Amino acid sequence: SQTIDVGDGAATPLDEQLLALKETATAAGAPINGIYTTEAVLNKLRKNANIQKAVNGANMVGMLVRNADLRAYLADEFGISRIYTNDATYSLPLTMGSNGRPVASAKRYYPTDKITFFSANGKLGDGLWGDPPEVSAAKFMDVNASAVSPYVYVSQYAEKDPAVIWTKASALFMPVLYNPNALYVASVTETKGA
């Protein structure tokens, strides 16, 4: 389990932590070139004194690093040219409030205290194909495999009033990493400086 300390009181400066991670990944044959995280973590990187000093100079410590400058710094110094953020949320099943109204509980797709480093040299992901539920349903309804793609199944059924024929194509696809050794997920901590 990796930990990245973005605080000014970190035992190891942030730029040295990133350099060590880069060297580890390169030695494993999968040099990192991308980050997947949240805007909150990117903002912590922008507020880090070591990055502020490296990007803007010693006299600019305490001044927020521009987003474009952070991206240029990560690309130039560490080869990280792909930076993706995900701050989207989804709702848990609705509950009923004391006033009789539905209450939505939002959850994040990606946690605010994580950062993922990955290597995507020409290919970020691949996928595994499998049989969709229609394979099991074939004994109850008319289901046929596609002649073009063996994992796509087509099912149809008809209604009499009004006369309608419904057609559905179904497939099961699971995205996976092309190289599982090219993924480093780290918890983000922030040790405050003195």
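# Questions on a predicted model

Student: In this predicted model, is Ala 10 buried or exposed?
Tutor: The relative accessible area of Ala 10 is 16%, and the cut-off for calling a residue buried is anything under 20%. Because 16% falls under that cut-off, the word that applies to Ala 10 is buried.

Student: Where does Ala 10 lie, and which residues is Ala 10 in contact with, leaving aside its neighbours within four places in sequence?
Tutor: Ala 10 belongs to the loop between β1 (2-5) and α1. Its C-alpha is 7.5 Å from that of Glu 190, although 180 residues separate the two in sequence. Once neighbours within four places in sequence are set aside, the residues in contact with Ala 10 are Asp 5, Gln 17 and Thr 191.

Student: Ser 119 is in a loop too, so what distance separates the side chain of Ser 119 from the backbone oxygen of Pro 31?
Tutor: Ser 119 sits in the loop between β8 (114-118) and β9 (125-130), and with a relative accessible area of 12% it counts as buried. Leaving aside neighbours within four places in sequence, Ser 119 has contacts that include Ala 30, Pro 31 and Ile 32. With Pro 31 there is a polar atom of the Ser 119 side chain placed from the backbone oxygen at 2.9 Å.

Student: Which backbone oxygen does the side chain of Thr 37 reach?
Tutor: Thr 37 is part of strand β2 (residues 34-37), and its relative accessibility of 0% makes it buried. Not counting residues up to four places away in sequence, Thr 37 touches several others, among them Leu 42, Tyr 84, Tyr 110 and Ile 115. At a distance of 2.8 Å, its side chain reaches the backbone oxygen of Lys 114.

Student: Is Met 63 buried, partly exposed or exposed?
Tutor: Met 63 is placed in the loop between α3 and α4, where it touches Gln 52 and Asn 56 when residues up to four places away in sequence are not counted. Since buried requires under 20% and exposed requires over 50%, the value of 47% for Met 63 makes it partly exposed.

Student: How are α3 and α4 oriented to each other?
Tutor: Helix α3 (residues 49-56) packs with helix α4 (residues 67-78) at an angle of about 90°, and their axes are 10 Å apart. An angle from 65 to 115 degrees counts as roughly perpendicular, which means that the description for α3 and α4 is roughly perpendicular.

Student: How many nonpolar residues are in the contact of α3 with α4?
Tutor: From α3 the contact takes Ile 51, Ala 54, Val 55 and Asn 56, while α4 gives Asp 69, Leu 70 and Tyr 73. Sorted by class, these residues include one polar and one charged, and the number that are nonpolar is five.

Student: How many charged residues does the contact of α2 with α4 have?
Tutor: The axes of α2 and α4 cross at roughly 85° and come within 10 Å, so these two helices are roughly perpendicular to each other. Leu 42, Leu 45 and Arg 46 of α2 meet Asn 67, Leu 70 and Arg 71 of α4. By class there are three nonpolar residues and one polar residue in this contact, and the number of charged residues is two.

Student: Which residues have the most contacts inside the largest nonpolar core?
Tutor: This core has 24 residues, and the elements that give two or more residues to it are α1 (14-27), α2 (39-47), α4, β8 and β13 (183-189). Ile 80, leaving aside neighbours within four places in sequence, is in contact with residues that include Leu 74, Ala 75 and Phe 117. The residues with the most contacts inside the core are Leu 74, Ile 80, Ile 115 and Phe 117.

Student: Which two residues does a cis peptide bond join?
Tutor: Most peptide bonds are trans. Here Pro 162 is found in the loop between β11 (152-159) and β12 (164-177). With omega at about -5°, the cis peptide bond joins Asp 161 and Pro 162.

Key. Residues are numbered from 1 along each chain as its sequence is written. This is a predicted model: local features need pLDDT of at least 70, side-chain atom pairs count only at pLDDT 80 or more; totals for chains, interfaces and linings use all residues. Side-chain values use heavy atoms; hydrogens and water are left out. Helices (H or I, at least four residues) and strands (E, at least two) are DSSP runs, numbered from the N terminus. Buried means under 20% relative accessible area, exposed over 50%, partly exposed in between (1.4 Å probe, protein chains only). Contact means heavy atoms within 4.5 Å. A polar contact is a pair of N or O atoms within 3.5 Å; within protein, one must be able to donate a hydrogen and the other to accept it, and residues adjacent in sequence count only if both atoms are side-chain atoms. Axes are lines fitted to C-alpha atoms, for helices over the stretch in contact, and angles run from 0 to 180 degrees between N-to-C directions. Angles under 35 degrees count as roughly parallel, over 145 as roughly antiparallel, 65 to 115 as roughly perpendicular and the rest as oblique. Ala, Val, Leu, Ile, Met, Phe, Trp, Tyr, Cys and Pro count as nonpolar, Asp, Glu, Lys and Arg as charged, and the others, Gly among them, as polar. A nonpolar core is a set of buried Ala, Val, Leu, Ile, Met, Phe, Trp, Tyr and Cys residues joined through side-chain atoms within 4.5 Å.
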